[in-house]
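Open the model in your viewer and keep the sequence panel beside it. The tour below goes stop by stop, saying what to select and what is there.

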Amino acid sequence: MLLKKLLFKNYKTFYGPQHIDLTPPPAKDGQYVPNIALIGGLNGAGKTTILKAIWYALFGSQGMNADAQKKWNASIINNYAFAEGSREASLSLFIETGDEEWEIAVKFYVNENKIVTHEERFIFIRPLSGTYRKKHTFQNMYDFVKYTNSIIPSYAAPFFIFDGEEIKDLIKKQDTNQMISAIKTITGANAYDVLLTDLEATITSINKELSKTTNINEVKNAEKEFAKLEEEVKREKMLLESKQFEANKNEKALQQLKKDRMAIISQNNHSRETIGKKIGRLETSIEMTSKDINELFKSQHNTILLTNKMEKLKISILNEKKSKENLIMNEKALKPFNDFLNIAIKEDIDPPLTSDQLQQIQEKGTKWYAKQFNISLTDEAPAKFIHDLSGKDERYLTSLQGAALSTLEGKIKQLHGFEQELAQTIQKQSDAPEMLNIDSENTRIDLLNQKQLALKNIISPLRVKVNALQDKLLRARKQFNSLAAKSTNGSNLSQELENVEKTYTALSQHVRQLLAYKATSVKQEFDSMLRKLIRKTDEFSKIEFDLATASIRLYNSKNQEIDIDSRSAGEQQMISSALIWALTRVSYLNLPIVIDTPLGRLDSKHRKNLIENYYRDLSSQVIILSTDTEVDASYLKEISQFTYSQYTLDYDEDKKYTVIRDGYFNMEGKS
């Protein structure tokens, strides 16, 4: 997969139609082809906007909560274009995957308050050898992301599209379900898990069918032996799972204790100055909220005070209107009957009818007439008509809204929250803690590490025992199936089962060997790249990588595990970068890498190592978004030999928008 072009129109800081051509040069056999597109820009010029635009085009709002979505939509349209009257913004990402070109087009519509009212999302696909483009539409974001996951899985995306200053957090997410799923997706391990699970389900299904075709005593004895072994396997697996659960629980406690220790260290670094700044912000919020409350009440006090009475008035008016409409409808529907009845009772009748009789004729005749002609009569008592309103007055009164009161209540609640938080913050300032001792945490961490080692010594041989029992169970199952096949209609099922079990056995062995190979490859690639990137190479003596838990462990020369959280931000970034390198080397995914602010927190040595040893071979396409202080003139000379395109995001301070220009900050280098 390659990113070919990114096109904006009035999107965030980019005014009007603008685009960046990201297409790398074609590969040449036996020759190095530049793989880096370098995009420069000062802070606020739009580098992060480009990174997030690529992400949003591919995955939309997936993973965003309501607050994050609201913030994202707050400044979708360019201010300059909005002032000119435009109410639309768009972005399009062109990608090449296999023998197709995709255009992922997203169009945003905003109202007069610059709030996004809705967005449209399409994918246009054409074969590289043709011109016809097929348009794909989507009912919801879930269907869209399911479609784009076919080219880049969303779980794996953080390893390919990321902020260089935040990449260090990847190594801290070890052992999380999301991290494990992402790494298994990248390495292809998930596909093997699904295949083996399907084969196990097939074996179980065939066994059930075989059990229905036999009544032989010998088969029953074999079945009993099989059941006995199955129970033993179940018991030992439960013990293994119990110990594994205990080990996982111990590991979680260990990690939590490490986090607690880091929290204490962080707390020791808290200052009164930071709390003072927060107090200032809260005081400003209180002042502004109080001003909002006063202005709201001043401008809408009549509406606020009369809200409840207006609601009762609207209900009364609507009830009267409904009652009037019912009376008019009944009168019109019954008019032929009432006209007939009025004429009939004027005739002389001997003896004359009493008033009660006339009333009964009126009531029963009305019911009969309504039934004959399917007229619905309401039993509701008519409302009292106390309001004589024109249609215009009625529409005005029923359309009045009481939103001002709820807005005022929300503002008052917000004010109380600010005041309460201010009081708590002032108390924290006066009670700023002294330096806390972490000896106790260190002791407990050592004890948990010892416990974890003891559990590991129990789990390893127990896992070997379970594997041996499962092999024995498989042989017992084969014997049982062989006997069952002798019964009527059992031979075909037995042959099918044998073939499936052979496939399962061969595939299981292949998967174990392949995953072991991939784990070894990740470890070797990680080790090799880490030693090229990190300055303090002598501190890392041994590296372990467990593909099942997607975790990296580093050890010093004394075989003591190194606490990655305690390393500097720059070192954590190098460790995470080495992990991404290793995963891309064993991945079946051929994806571009997009990196924002890759060198911001790094010293000159680490920057030089990344430029010389990392980006040029990381992927067939690497897009770097940098400031002029990260890749400066000296680093530009080194990296230019690896770049195929260079651009600058030039922010116009007067017009407040960004223009995309060729070349990198007018520095000497390849354009």
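A residue is called buried under 20% relative accessible area, exposed over 50%, and partly exposed in between, with a 1.4 Å probe and protein chains only. By that rule, 40% of the 671 residues in the protein chain are buried. This is a predicted model, in which local features need pLDDT of at least 70 and side-chain atom pairs count only at pLDDT 80 or more, while totals for chains, interfaces and linings use all residues. Residues are numbered from 1 along each chain as its sequence is written, and side-chain values use heavy atoms, with hydrogens and water left out.

**Whole chain**

Colour by secondary structure. The protein chain has 18 helices and 14 strands; these are DSSP runs (helices H or I, at least four residues; strands E, at least two), numbered from the N terminus. A contact means heavy atoms within 4.5 Å. Of the contacts between residues at least 6 apart in sequence, 73% join residues at least 24 apart.

Is Asn250 buried or exposed? Asn250 counts as buried because its relative accessibility is 4%. Its side chain and that of Gln452 are joined by a polar contact of 2.6 Å. A polar contact is a pair of N or O atoms within 3.5 Å; within protein, one must be able to donate a hydrogen and the other to accept it, and residues adjacent in sequence count only if both atoms are side-chain atoms. Apart from neighbours within four places in sequence, Asn250 touches Leu448, Lys451, Gln452 and Leu455.

Next select Gln470, in helix H13 (residues 439-484). Gln470 counts as partly exposed because its relative accessibility is 30%. Beyond residues up to four places away in sequence, Gln470 touches Val233 and Lys237.

**Helix H14**

Go to Leu493 in helix H14 (residues 491-533). Which residues does Leu493 contact, leaving aside neighbours within four places in sequence? They are Ile206, Glu209 and Leu210.

**The core and the cavity**

A nonpolar core is a set of buried Ala, Val, Leu, Ile, Met, Phe, Trp, Tyr and Cys residues joined through side-chain atoms within 4.5 Å. The largest one has 99 residues, and Ile50, Phe526, Leu554 and Tyr615 touch the most other members. Helix H15 (residues 569-586) supplies the largest share of this core, nine residues.

Now select Tyr615. Not counting residues up to four places away in sequence, its contacts include Asn35, Ile36, Val622 and Ile624. Tyr615 also lines the largest cavity, together with residues including Phe162, Gln573, Ser577 and Tyr614. The volume of that cavity is about 40 Å³. The lining divides into seven nonpolar residues, three polar and no charged.

**The segment after strand S14**

End at Phe665, in the segment after strand S14 (657-662). The phi of Phe665 is near 50°, a positive value in a residue other than glycine. Asn666, found in the segment after S14, also has a positive phi, about 60°, and is not a glycine. Asn666 is exposed, because its relative accessible area is 82%.

Terms used
On a 1 Å grid over the protein atoms alone, a cavity is a set of points where a 1.4 Å probe fits but cannot get out, and a pocket is an open set with protein on both sides within 12 Å along at least five of seven lines; lining residues have an atom within 4 Å of a point. Grid points are joined across faces, edges and corners, and a volume is the space filled by probe spheres set on the points. Ala, Val, Leu, Ile, Met, Phe, Trp, Tyr, Cys and Pro count as nonpolar, Asp, Glu, Lys and Arg as charged, and the others, Gly among them, as polar.
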